[in-house]
Amino acid sequence: MTIIGGLSPATLLDTALAEARVGLGAGGIPIGAALFAADGTVLGRGHNRRVQDDDPSVHGETDAFRRAGRQRDYRNTIMVTTLAPCWYCSGLVRQFGIGAVVIGENRTFTGGEDWLRDHGVEVVVVDDDRCTAMMTEFIAARPELWNEDIGVADL
């Protein structure tokens, strides 16, 4: 059974992409996310706020998750993110049983998407050129901030 059903992953991604642009405009890392109900209702949306909040735990997915508030059950929710979720955010998906993940792109970063699939999470990679271009440009302009975000120490 598919959770995404008749919903368009590309249309869902537009909300996360808008959040990524907000984060970039605020001087942060351009990763956006949104948590949707199975009917397409936005439960919460957010973006990476590591820089803005000086908090390494505020990734796009965690921001959207927190803004969604408590849900009784996450099995029929969809986490949409502009970039493949890191292991921290993949763990969040598994911990709370989020049923599906829509990924904007996984060319600039590959996280735990295969692990999520192996554990029964429906994963759809859109391979959106807008997401890839935004991350590629950001990584070229701010490699030190990107490396900090993904846990790579400067040598």
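Leaving aside its neighbours within four places in sequence, Thr-77 is in contact (heavy atoms within 4.5 Å) with Ile-3, Leu-35, Phe-36, Leu-43, Ile-98, Gly-99 and Ala-100. The model is predicted, so local features need pLDDT of at least 70 and side-chain atom pairs count only at pLDDT 80 or more, while totals for chains, interfaces and linings use all residues. Residues are numbered from 1 along each chain as its sequence is written, and side-chain values use heavy atoms, with hydrogens and water left out.

Thr-77 belongs to strand 3; strands (E, at least two residues) and helices (H or I, at least four) are DSSP runs numbered from the N terminus. Because its relative accessibility is 4%, Thr-77 counts as buried. Buried means under 20% relative accessible area, exposed over 50%, and partly exposed in between (1.4 Å probe, protein chains only).

Attention now turns to helix 6. The buried residues of helix 6 are Cys-131, Thr-132, Met-134, Met-135 and Phe-138. Seen down the helix axis, these buried residues fall within an arc of 165°, so they line one face of helix 6; the arc is that of the directions from the axis to the C-beta atoms. On the other side of helix 6, Asp-129, Glu-137, Ala-140 and Ala-141 are exposed. The cover over the buried residues of helix 6 includes helix 1 (9-25), strand 3 (77-83), strand 4 (100-105) and helix 7 (143-150).
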